[in-house]
Amino acid sequence: MAQIFPKWTNNIQTYIAAGAVFIVVAMVGFFWYYGSPWYTDVGYRPIQPVPYSHKLHAGDLGLDCRYCHNLAEKSVHANIPPTQTCMNCHAIILPESEKLLPVRESWGTKRPIEWIRVHKVADYCYFNHSAHLYAGIGCADCHGNVAEMETVMQVKPLSMGWCLECHRNPEMHLRPREELTNMYWVPPDKDKQLKFAEQVIKEKAIAPPQDCSGCHR
Amino acid sequence: MSEMVKQNKIEGILAEFPDPAALISAAEKMRDAGYKKFDCHSPFPIHGMDKAMGLKRSPLGWIVGSAALFGTSAALGLQWWTSTVDYRLVISGKPFFSFQAYVPVTFALGVLLSAFAALIAMLVLNGLPRLHHPIFYSDRFAKSSDDGFFISIEGDDPKFDIEKTKAFLESIGGTNSEILKET
Amino acid sequence: MSKGITDSGIIPGGEAPLIEKNPTFGSITEEISRITERKTPGVWYLALGAAVSLMFVLFGSIGYLVFEGVGIWGLNNPVGWGWAIINFVWWVGIGHAGTLISAILFLLRQRWRTSINRFAEAMTLFAVSCALIFPAIHVGRIWVVYWMFPVPNQMSMWPNFRSPLLWDVFAVSTYFTASLLFWYTGLIPDLATFRDRAKTKIRKIVFGFLSLGWRGGNRQWKHYELAYLILAGISTPLVLSVHSVVSTDFAISILPGWHTTIFPPYFVAGAIFSGFAMVVTLTIIARKLFHLEHIITVSHLEKMNKIMLLTGMMVGYAYSMEFFIAWYSGNIYEQFVFINRAFGQYAWAYWIMISCNVLIPQMFWFKKLRRSIPVMFIASILINVGMWFERFVIVVTSLAQDFLPSSWDYYSPTIWDISTFVGSFGLFFTLFLLFIRFLPMISMSEVKGVLPQADPHHAGGDRHE
Amino acid sequence: MEKKDKKYWLSLDHLHDTKGYRRNLRDRYHEENGETGGDFTRRSFLGIMGASLALAGLAGCRRPVEKIVPYVIMPEEVIPGVPQYYATTMSLGTSAYGIIVESHEGRPTKIEGNPKHPSTLGSANIFLEAAILGLYDPDRSKKVKHNGAESAYNDFISFWREQELKFAANKGEGLAVISESFSSPTLMRLRNDFLKKYSNASWVCYEPISDENNHKAVGQLTGRPLQPVYHYDKADVVLSLDADFLLTENENIRAARGFAEKRKPDDNKTDMNRLYTAESAFSVTGSMADHRLRISSADIGRLAFAIADAVRKRGLNIPGVFETDISDFNKEWIEALADDLNGAKGRSLIIAGSRQPIRVHQIAMILNEVLGNIGQTVTYHNANDAIAPDMEALKSTIAKMKSGAISTLIILGGNPVYNAPADLDFASALSKCENSVHYSDYLDETSKLTGWHIPRAHFLESWSDARALDGTLSVIQPMIEPLYGSPSDTELYALLASGRNQRGYDIVRETWQNVLKGGEFEKKWRKVLHDGLLADSALPNEIIKLNVAAIESPKSEKELSNDNLELNFYSSKLYDGRFANNGWLQELPDPINKLTWGNAALLSPKTATELAVANGEIVNIEAGSAKLEIPVWISPGQADYTVAVALGYGRGGIGAVADGVGANAYLLSNSNNPSFYRGVRLTKTGAVMNMAGTQDHGSMHGRPIVREATLNEYRSNPEFAEEMVEHPPLKSIYPEHDYSQGYQWGMVIDLNACIGCGACTIACQSENNIPIVGKLQVSKGREMHWIRNDRYYVGDENDPKIVHMPVACQQCENAPCESVCPVAATVHDKEGLNNMTYTRCIGTRYCSNNCPYKVRRFNFFNYTGKYAETIRMAQNPDVTVRSRGVMEKCTFCTQRLNRAKIKARQEGRTVRDGEIQTACEQACPTRAIRFGNINDPDSIVTAMKKIDRNYALLGEFNVRPRNSYLAKIRNPNPKLGKTEDKETG
């Protein structure tokens with residue numbers, strides 16, 4: 001019998017091995033990045049029917065979040081304001097503005113504005129705004145610094161793993177009540193914050209659940 | 001082990017022998033004559049050949065052993081970490097680290113890794129896969145996987161000398177010996 | 001072919017020679033290689049056609065299952081597991097003979113194994129592939145079945161390593177992989193033979209590639225033999241562990257009739273039992289078809305029948321022991337379940353099981369029957385029928401009538417249960433036909449190794465110190 | 001208590017393993033099913049801002065765009081995401097049930113009892129619970145129809161105005177109204193206005209299931225229209241003559257509560273009551289009896305006489321003559337009963353069932369009188385505002401219709417074409433009327449034959465009011481705008497009475513102006529609306545004296561035999577059929593025979609054997625010329641030679657759920673004796689039907705499942721329940737998990753109080769979005785109820801006793817289901833609950849296999865995928881709607897736990913005992929189910945778990961269930977002890 005394979009074939013094992021390694025790494029990497037909410041959800045910034053600027057209202061004008069989302073502390077949901085809320089001011093301010101046309105239209109026709117949802121946890125996750133605000137979790141912790149967003153964008157993955165991080169050690173996230181809507185709040189130096197957290201946790205009996213029943217029902 | 005690719009033209013010599021017994025005695029003679037880089041080819045392993053050729057025991061056992069050790073400890077570590085450190089879930093009121101339940105997976109992974117280790121290490125030690133080899137120039141050599149028995153000696157063996165070695169091989173019963181060339 | 005074997009000197013039992021018509025090395029190579037080299041016989045195409053169409057029945061059933069949901073099966077509230085799990089256990093059981101033959105018999109230096117081990121190992125691989133399908137498709141949401149594997153994820157959840165089902169995943173897939181490697185290792189020298197005999201370019205390249213450039217030099221045999229020995233060594237506990245783990249699916253639970261400590265040994269015995277039965281069935285066909293009667297001799301088959309007789313009685317012992325334990329425990333639930341198995345709504349299944357698994361093998365006490373091809377052929381098939389019903393009895397009777405009579409119900413399969421099971425044979429035989437057509441179904445190098453002339457001390461090869 | 005000699009047996013078929021049983025089992029599985037797949041979990045009608053949630057394609061291939069639709073103007077009272085609770089009333093016939101409705105963003109989702117209301121006392125029954133589904137029933141009639149063509153309510157109004165002109169002249173000559181019975185000031189006011197205006201018109205009331213005889217009896221003996229109210233909480237000895245007062249009689253919730261309160265065996269001072277029943281078909285009341293007499297309905301009249309006679313023999317002065325032949329009765333029984341009654345003067349109670357003729361009711365009244373019970377255990381109240389059914393009036397009206405004397409017939413509710421006695425042939429009479437109007441929920445049998453059909457507003461969409469039996473006044477207020485703009489009862493009544501198309505609100509206010517006198521109307525009115533009722537508006541007890549004329553004694557009829565059977569009709573879980581299109585009720589297993597999706601001819605084992613029929617075999621019931629094809633179901637405890645058939649089935653063309661389910665027993669009904677009559681034959685047809693029963697096996701196989709003892713046994717050995725199982729000390733090889741901190745939820749179910757009514761099952765179904773799976777799936781054993789009610793027969797095959805046992809997830813601390821789940825989808829939380837995370841489940845069903853109680857339920861198909869939009873509105877937004885391929889089960893209403901815990905934390909306190917009620921606990925009429933924190937030494941649960949009767953079901957496996965049961969106690973009359981043993985062999 002003569003040689004079947006040319007000499008170079010003696011290296012194929014190296015090529016094969018290298019190829020295999022590459023494929024594995026590539027696949028894992030692909031799912032690692034493109035599969036995670038960090039890619040799929042973070043950065044979601046739909047164009048809203050009304051070019052409402054949180055930067056202007058919450059930032060420059062310094063409106064408190066709870067002026068519009070007034071039920072956040074009472075309810076499971078932080079409500080999207082009714083058209084009425086807009087009109088409270090805009091009946092007087094900029095009554096002619098082009099941008100506000102849809103609002104006035106809704107007000108006139110009594111047909112609601114169809115906002116597009118930005119922050120969404122899955123249907124089977126039962127997130128409760130009032131509970132978190134009561135505990136002292138600020139708006140910015142989940143929604144990012146809305147006061148600097150022209151159009152609101154999702155900045156946190158809102159994934160289960162991400163929720164658990166905070167539920168496991170909430171200390172650095174707990175704020176005094178008056179700081180809830182402060183977009184620029186950063187915890188004071190570590191041990192001061194920890195002392196504060198310890199005391200808050202005690203008096204408010206805060207126990208972030210890690211049990212399934214905490215969020216899934 | 002047999003590393004034969006050298007750029008000198010003469011690669012080595014191949015000689016054929018009638019049966020296992022002949023091969024063994026020939027191997028002993030080669031050994032005694034002080035040849036180092038020779039090998040005995042047969043369609044099946046022949047008992048006593050290692051001794052005849054003066055080969056040392058294969059280190060494979062140690063490799064596989066360590067692989068098995070790694071597999072089991074990795075498996076146990078994974079189970080311990082996931083259930084006691086990363087996410088502590090109360091399941092059927094059992095302790096977080098209930099090692100009794102972790103035995104099957106630990107064992108399975110140990111076996112899995114050692115199985116892979118055994119095959120891969122064997123190939124590496126044998127320098128396989130190696131699809132191209134000078135010995136394949138010989139047409140007779142095809143018999144080695146059927147019913148032929150051969151001794152091959154490499155060109156870079158210190159005692160190698162075309163004429164002498166060829167003569168020696170024939171003297172110890174080698175027939176239709178041929179010279180392997182890289183063409 | 002380890003040094004051990006030739007050490008062991010004379011052939012066990014020492015009666016008929018292992019290989020008849022004292023062949024030469026060459027004749028062995030010739031006869032076995034020829035099968036794959038000569039023109040494909042028409043009957044093979046027929047068989048393959050049948051097998052493949054059956055295989056499509058399987059895929060069709062699975063497709064409909066994924067589309068509709070497991071409700072298309074006969075499952076109901078008390079009986080959450082039906083044919084799918086039964087088939088799984090049955091196929092895995094069958095998959096035990098191969099590795100047992102090649103590993104355990106190897107360590108036990110049973111030289112007669114060489115004629116059948118390649119064949120049996122292949123059978124093992126294909127049976128296990130069939131088995132692996134069922135646990136995968138029986139879940140309600142197939143698309144998330146990967147949650148069973150410990151991969152990091154955004155939920156930061158991990159599988160529950162306490163669950164026997166998870167043990168199954170690891171045990172069975174490990175078993176499959178290890179057996180595959182073992183099988184391939186054994187194939188390498190024979191693939192080299194094919195390479196060296198190859199006439200066509202394509203065969204040259206394919207087998208040349210698969211044999212990885214094997215040269216049969218003793219420096220290679222040295223590592224090769226040790227590797228083979230080690231693989232045999234680690235496969236041995238694996239064979240025993242796999243079905244033990246499968247048995248824990250039941251033994252770990254709380255159900256009467258499942259919650260039993262004798263399950264692991266009992267399941268392993270049963271697995272070997274059914275595995276050998278399947279090997280016998282297939283060997284009888286193959287050796288006839290390819291005229292290998294002198295390589296796979298009747299005494300090979302007889303030895304397997306002896307093993308079946310033994311394991312059959314182990315299984316029978318387990319059946320009776322279950323009853324004894326139930327009675328002795330004084331546990332009313334256990335007692336009911338076993339009485340109910342024998343005389344309840346599934347008594348028919350129970351008695352099929354008893355007669356096939358306990359009574360039939362008793363024939364093998366008689367050498368005449370033991371060596372009669374037709375007898376052992378029928379018997380081997382019946383035994384596998386019986387073993388399937390054993391799993392049916394275990395899975396269904398315990399579930400259908402457990403603790404609270406209020407939830408008792410009756411289980412019977414739908415057309416889809418049946419088609420899935422039948423279809424799995426399609427997959428099995430397709431793989432098998434491809435194997436016997438393209439690969440050496442008998443390990444040539446090993447058979448050569450056990451020929452008398454392979455021993456250097458044979459034929460007055462000069463003694464040497 | 002399970003005596004060694006007591007014999008437990010299988011469901012008959014299984015015992016004898018008849019062919020029918022096998023065939024039945026076989027047939028069950030060899031049918032293809034038409035379910036379709038598809039998946040994705042969806043919380044229907046997501047609660048956000050009461051928004052309708054629209055999926056509008058894909059945006060940037062990342063995720064679907066979701067719209068949030070806020071209000072334009074926010075209603076003050078609504079806080080989106082926080083449920084509101086409003087009080088209203090559901091009336092059924094002359095009873096009124098005060099209820100509280102939970103509503104999310106203006107969308108009612110759950111009905112609960114109103115604790116302030118005397119006839120619900122915070123509990124509910126299956127009809128109340130299921131009414132929410134009735135509201136959203138997509139098959140409800142939506143459009144006014146005129147001669148089959150679509151029309152509008154305004155057209156009807158103008159039609160009626162024409163009619164007015166016509167009838168104004170002749171004072172309503174030729175005008176007739178057939179209404180349902182009601183008890184409502186407003187409706188009564190409007191009716192009176194109507195009759196004032198059209199004095200020649202006739203207004204009759206018809207109900208197929210009516211307490212007419214009761215009212216007639218009271219009327220004849222007292223000469224006044226009075227309403228009896230029974231006080232079971234005061235009665236030590238209760239005799240029920242064919243009265244299923246615990247489930248099907250009027251205001252059964254109140255009755256059940258009172259009965260249970262008097263049935264507490266644990267403290268030695270107060271006596272436990274004793275219940276005697278005499279009935280033909282096994283009823284829930286019969287299953288609770290200490291002594292149940294199996295007797296044909298017709299013989300109960302004679303039995304009543306015999307009892308009266310026996311009582312008189314004990315020196316009580318009973319007017320009238322009671323000679324009657326009682327040779328065929330069990331004298332011991334009668335004597336013992338008479339002694340008991342005599343010994344409990346003023347503390348006993350005799351009730352006659354509404355199925356029984358006037359005579360029996362009269363005897364019951366007389367006995368109550370002479371035993372001094374009137375004013376004690378039974379009181380009489382004025383029944384003004386109530387209109388009772390009247391068969392005679394109906395007959396004469398129909399006669400007039402046939403004679404053509406009636407030109408315009410208005411049918412307000414009801415469905416006479418379907419459920420009027422067959423011999424009256426209502427349909428043909430209807431065709432004689434020139435104009436006919438039918439006002440109903442569905443486009444049903446009657447609507448299809450009337451000229452006009454007016455869709456009826458659901459009571460949750462209407463303004464009205466109602467009076468409870470004791471006279472308590474309550475309002476009915478809308479929870480939601482009428483989904484289909486249908487007029488409400490009050491609005492239509494008002495139109496008929498005044499010709500004005502008023503708003504219901506104004507009509508009801510008008511009535512209440514006269515009720516809430518003495519100024520400050522608005523204040524009082526707002527209070528009424530808030531409470532749902534007018535506090536302390538119960539009417540005073542009327543002091544009555546009976547003037548007893550001779551009661552003609554019943555002639556003993558031709559003796560029963562194979563070809564002279566007695567046919568009995570009884571009210572089913574569909575009531576008279578008005579709830580036939582309610583899937584929850586159709587799929588609820590019958591409390592006694594456990595059948596779903598259909599009715600059957602119930603026979604005693606003896607009768608069945610003699611007639612050689614088996615379960616599922618279809619027979620022909622022949623009553624004179626009338627015939628009815630119906631499958632047989634063998635019901636142990638049924639009186640021999642009697643056939644019992646549930647009413648309300650066999651509907652055609654009213655809705656997807658009701659159509660073609662069961663057989664229509666009204667085809668056999670007879671106006672002379674609507675409830676039962678003799679002279680019926682059964683003939684086999686040879687066909688067999690696949691019956692969807694949820695429980696194949698009726699026996700406990702001698703297993704200590706329901707643990708039972710007599711009162712005396714209990715007193716002598718309080719620990720009997722625990723002692724019934726011997727087991728080694730319950731020790732785990734693992735260190736036990738520590739549950740000593742914080743809330744630890746637990747539940748106790750008192751088997752002595754449970755009557756097996758099934759209210760818990762429906763309440764759970766409503767609270768937890770549990771799907772309906774349909775007949776085929778149920779027959780395959782795939783029903784989804786999280787809490788089921790097990791029924792076991794005890795004792796003699798032909799005359800057994802029945803025990804009920806509600807079984808939900810037992811929340812084992814060492815849960816067998818958890819360790820076997822490969823993906824940790826079911827694990828424990830720190831409050832000791834066995835969580836089930838649907839979204840993590842991959843559906844191996846291993847947990848269910850390993851659950852010794854078999855309480856886990858698997859979604860074999862996508863049962864929730866094909867819901868109509870309206871049905872989605874009925875879903876509870878706080879509970880995930882499960883999709884195909886996942887396991888589900890009871891989690892102690894974890895959504896309620898979380899809501900309460902968050903509320904408590906924000907108010908800086910811990911959850912109070914009783915603050916959280918699970919849906920089943922809340923619904924239970926007898927308070928048999930109690931839930932709470934077992935770590936709290938003062939909680940009710942802790943107290944109940946301390947009772948000696950407490951035991952854990954299958955506790956010997958050391959699964960440590962958080963649920964436990966209180967053993968059942970019966971209180972048999974010692975004098976009858978011997979016969980008991982004879983019975984139970």
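A salt bridge here is a side-chain nitrogen of Lys or Arg within 4 Å of a carboxyl oxygen of Asp or Glu. By that rule, the interface of chain D and chain B has zero salt bridges. The model is predicted.

**Chain D with chain B**

Twelve residues of chain D and nine residues of chain B make this contact. The buried area is about 960 Å². Carbon and sulfur atoms give 64% of that area. Four residue pairs are in polar contact across the interface of chain D and chain B, both residues being at pLDDT 80 or more. On the chain D side, the residues touching chain B are six nonpolar, four polar and two charged.

**Chain C with chain D**

Here 63 residues of chain C meet 65 residues of chain D. Chain C and chain D bury about 5100 Å² between them. Of this, 53% lies on carbon and sulfur atoms. In chain C, the residues that lose the most area to chain D are C:N77, C:R141 and C:L404. Together they account for 13% of what the chain C side buries.

One salt bridge is counted between chain C and chain D. C:D402 forms a salt bridge with D:K854, with the closest N and O atoms 3.0 Å apart. That distance meets the criterion because the cut-off is 4 Å. The count of polar contacts between chain C and chain D is 31 residue pairs, both residues at pLDDT 80 or more.

Which helices of chain C each supply at least two residues of the side that touches chain D? They are α3 (42-68), α7 (164-197), α9 (218-251), α12 (332-343) and α16 (415-438). The largest share, four residues, comes from α3(C). By class, the chain C side that touches chain D holds 38 nonpolar, 19 polar and six charged residues.

**Aromatic pairs**

A search of the whole structure gives 98 aromatic pairs over all chains.

Why does the pair of B:F149 and C:F25 join two chains? B:F149 lies in strand β3 (residues 149-154) of chain B, while C:F25 lies in helix α2 (residues 25-37) of chain C, so the pair links the two. Both B:F149 and C:F25 are buried.

Technical notes:
Residues numbered from 1 in each chain as written. Chains lettered and ligands numbered in written order. Predicted model: local features only at pLDDT ≥ 70, side-chain atom pairs only at ≥ 80, totals over all residues. Heavy atoms only, no water. Contact = heavy atoms within 4.5 Å. Buried area = accessible area lost by both parts, 1.4 Å probe. Polar contact = N/O pair within 3.5 Å; in protein donor to acceptor, adjacent residues only side chain to side chain. Nonpolar A, V, L, I, M, F, W, Y, C, P; charged D, E, K, R; others polar. Phe/Tyr/Trp six-rings, centres within 6.5 Å; stacked < 30°, edge-to-face > 60°. Buried < 20%, exposed > 50% of the residue type's maximum accessible area, 1.4 Å probe, protein only.
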